[in-house]
Amino acid sequence: MKTTSIKAYGTASAEADLKQFDINRRAITANDVAIDILFCGVCHSDLHFARNDWGMTQYPVVPGHEIIGRVTQVGAGVSKYKKGDLVAVGCLVDSCRTCANCKVDLEQYCPSWVGTYGGYDKHLDTNTHGGYSETIVVDEAFVLRVPENLDQAGVAPVLCAGITTWSPLKHWNVGKNSKVAVVGLGGLGHMAIKLAHALGAHVTLFSRSANKIEDAKALGAHEVIISTDQAQMEKAMGRFDLILDTVPYAHDLNPYVGTLNTNGTLCVVGYLGPLDPMLVTVPMIMGRKSVAGSLIGGIAETQELLDFCGKHNINSDIEVIKIQDINKAYERMLKSDVKYRFVIDMKSIKS
Ligand code: NAP
Ligand code: ZN
Ligand code: ZN
């Protein structure tokens, strides 16, 4: 198959910094859309993947799954997009399209889903490579339309941070009378607050960081609970219908389970792995409480969210960086020193 060599940023090992190298993009096939990448958000998953935190990275890896770009070319069979359209690509670039999950727009739970990076690229028989790059070629079924009224850099985080929090908010029917809490104010957390607020819920943030209280309220939180303050945690017992936990590392979920009301759900989206300490079942049994998880969202649901953000003029709060500053950005993200998502201006890769 014909390919084009383009510039990308990534790494060949868990220990090395990200640096520039060339990768190949396939020539478009009948259903493909070729996209010039304008902006790409920086997700904590990019860092986990680059550093092999989950033990499954195949190198080299080119991260990036919050992609905004312009269509430059379409295949003969493409009907939804044309040259010049403002489009997006999120965490998925393919799936089997026939399994029970794919049939009901839950491609993220397809056993054969293909991640935007680190997945298996059947066209080139290599890993898929993500958005820290000049261009990408994606089947039109996995390309999304971006409302033109949204800021092109500010909308990028909707593609992962946004949909990862929107999908559980919708699944658990959050609306006007809901009491929602969010654990951790980072990329996912700040979108969770904005989206839950826009759905009309009463929103509380649990944070370790007292210096984030004002920001959280400006983002739409009605209240902030400092999770390290025992007295504040005790006052919060039995209050929430849904808690979205975005913390990236193993931590004690038990204090949060206690703050759920009867039938309430704690949905973990941040940490992938065994819990430590273990869950105590007593409060779950005594109050029919659930601890659940959720993975990104399907393509139709992501389009629904982009349209919702367009209608309600919801953008992320971002700091735009050059690709050459990505390693510094990773170190700052580890210290929670970002308000609240880095977005790479991909023009910088051309310089
Ligand atoms: P982020 O921007 O780094 O935010 C994480 C927040 O968690 C921090 O701002 C901090 O908030 C809190 N936190 C960080 N370290 C902590 C610790 N050791 N103990 C307690 N709280 C801590 O990360 P993100 O991009 O939002 O991603 C969050 C996690 O979600 C990552 O692990 C990522 O891989 C995962 N993720 C999952 C999905 C999915 O589909 N389920 C999708 C995307 C990302 P405070 O200072 O307010 O406490
Ligand atoms: Zn992500
Ligand atoms: Zn499938």
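Mentor: Ala, Val, Leu, Ile, Met, Phe, Trp, Tyr, Cys and Pro count as nonpolar, Asp, Glu, Lys and Arg as charged, and the others, Gly among them, as polar. This is a predicted model, in which local features need pLDDT of at least 70 and side-chain atom pairs pLDDT 80 or more, while totals for chains, interfaces and linings use all residues. Residues are numbered from 1 along each chain, chains are lettered from A and ligands numbered from 1 in written order, and side-chain values use heavy atoms, without hydrogens or water.

Trainee: How many residues surround ligand 1, and which are the closest?

Mentor: A residue is near a molecule if one of its heavy atoms lies within 4 Å of it. Here 28 residues surround ligand 1, and His-44, Ser-207, Ser-209, Lys-212 and Arg-341 are the closest. The shell holds 12 nonpolar, 13 polar and 3 charged residues.

Trainee: Which N or O atoms lie 2.7 Å from an oxygen atom of ligand 1?

Mentor: A polar contact with the ligand is a pair of N or O atoms within 3.5 Å. The side chain of Lys-212 has an N or O atom 2.7 Å from a ligand 1 oxygen. On the backbone, a polar atom of Gly-186 is 3.5 Å from an oxygen of ligand 1, and an N or O atom of Ser-294 is 3.0 Å from a ligand nitrogen.

Trainee: How much of ligand 1 does the protein bury?

Mentor: Accessible areas come from the Shrake-Rupley method with a 1.4 Å probe. Ligand 1 exposes 920 Å² when taken alone, and the protein buries 89% of that.

Trainee: Which elements give two or more residues to the shell?

Mentor: Helices are DSSP runs (H or I, at least four residues), numbered from the N terminus. Helix 1 (44-50) and helix 4 (187-198) are those elements; helix 1 gives the most, with 3 residues.

Definitions and conventions:
Polar contact = N/O pair within 3.5 Å; in protein donor to acceptor, adjacent residues only side chain to side chain.
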